[in-house]
Amino acid sequence: SPFRHMTTPGGYDMSVAMTNCGNYGWVTDRRGYRYTDRDPITQNCWPEMPNTFYQLAINAAREGGFDQFQPDVCLINRYAVGAKMSLHQDKDETDFAQPIVSLSFGLPAIFQFGGMLRSDTLKKVLLTHGDVVVWGGDSRLVYHGILPIKDGDHRLTGPYRINMTFRKSG
């Protein structure tokens, strides 16, 4: 399934290019945010999540104290220079007891991690190639985002940051 710049329900194109693998994929368009079992561009099922990805997410969740995590979605974000992710909550899943597991590759990014209100104080954390972030429990629904990616060239990903976010959709 190709990377694409999805459109938000408000009609804005996202600066981050996205695709998915797993049983479901996260999509957004004028109809809203949701998980689907088929890629709306290709009309095919999303590509299977490689077992290596699956095991990495499970192991990271376990290290973070979430022993029962079984992801069925891997949302893959490709950030070019200048791309960002505005503050948002991941609330399209049905079971908020399940954590979010995020892996970063390539160019560094400043991750903003806030509170339950968009206006809460933000912590800024530098994420570099190979960093893993797991959050859940009381922090599962906090607002978070990525500041615009700065110019650079990573030896493996070139001028991009790749983020893989594992979730349990249902």
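Five strands form an open sheet in the order β1-β4-β11-β6-β9 of this predicted model, with antiparallel pairing. Strands are DSSP runs of E with at least two residues, helices are runs of H or I with at least four residues, and both are numbered from the N terminus. Two strands pair if DSSP finds at least two bridges between them. The edges of the sheet are β1 and β9, each of which pairs on one side only. From one strand to the next, the twist averages 20°. Axes are lines fitted to C-alpha atoms, for helices over the stretch in contact, and angles run from 0 to 180 degrees between N-to-C directions. Helix α1 packs on this sheet. Its contacts reach β1, β4, β6 (100-106), β9 and β11 (160-167). The direction of α1 makes about 120° with that of β6. Contact here means heavy atoms within 4.5 Å.

Residues are numbered from 1 along each chain as its sequence is written, and side-chain values use heavy atoms, with hydrogens and water left out. Because the model is predicted, local features need pLDDT of at least 70 and side-chain atom pairs count only at pLDDT 80 or more, while totals for chains, interfaces and linings use all residues.

Strand β1 joins β4 (residues 73-80) through six bridges, and the two run antiparallel. Thr 19 belongs to β1 (residues 17-22). Thr 19 is buried, at a relative accessible area of 5%. Buried means under 20% relative accessible area, exposed over 50%, and partly exposed in between (1.4 Å probe, protein chains only). The side chain of Thr 19 reaches the backbone oxygen of Ser 1 at 2.9 Å. Such a polar contact is a pair of N or O atoms within 3.5 Å; within protein, one must be able to donate a hydrogen and the other to accept it, and residues adjacent in sequence count only if both atoms are side-chain atoms. Leaving aside residues up to four places away in sequence, Thr 19 touches Ser 1, Pro 2, Phe 3, Arg 4, Trp 46, Cys 74, Leu 75 and Ile 76.

A further open sheet holds four strands in the order β5-β10-β7-β8, again with antiparallel pairing. Its edge strands are β5 (85-88) and β8 (123-127), and each pairs on one side only. Neighbouring strands of this sheet are turned by 20° against each other on average, direction ignored. Two bridges link β5 with β10 (residues 144-146) in the antiparallel sense. Met 85 has Ile 146 of β10 as its bridge partner.

Strands β2 and β3 form a hairpin with two residues between them. The antiparallel pairing of β2 with β3 (residues 32-36) spans five bridges. Thr 28 has Tyr 33 of β3 as its bridge partner. Strand β2 (residues 25-29) is mostly covered, with four of its five residues buried. The loop between β3 and α1 (51-63) contains Gln 43. Phi of Gln 43 is near 65°, a positive value in a residue other than glycine.

Aromatic contacts come next. The whole structure contains four aromatic pairs. Rings of Phe, Tyr and Trp (its six-membered ring) pair if their centres lie within 6.5 Å; planes under 30 degrees apart count as stacked, over 60 as edge-to-face and the rest as tilted. Trp 26 and Tyr 33 are stacked, because their ring centres lie 5.7 Å apart and their planes are at 15°. Trp 26 is buried, at 8% relative accessible area. Tyr 33 counts as partly exposed, at 43% relative accessibility. The pair of Phe 111 and Trp 135 is tilted, with ring centres 5.6 Å apart and planes at 45°. Phe 111 lies in β7 (residues 109-113) and Trp 135 in β9 (residues 132-135), so this pair ties together parts that are 24 residues apart in sequence. Phe 111 is buried at 7% relative accessibility, and Trp 135 is buried at 5%. Ring pairs link Phe 111, Phe 113 and Trp 135 into a cluster.

Arg 78 has ring contacts of another kind. Arg 78 lies over the face of Phe 3, at 4.5 Å from the ring centre. The charged end of Arg 78 also sits over the ring of Tyr 160, 5.2 Å from its centre. The criterion requires NZ of Lys or CZ of Arg within 6 Å of the ring centre and within 35 degrees of the ring normal.
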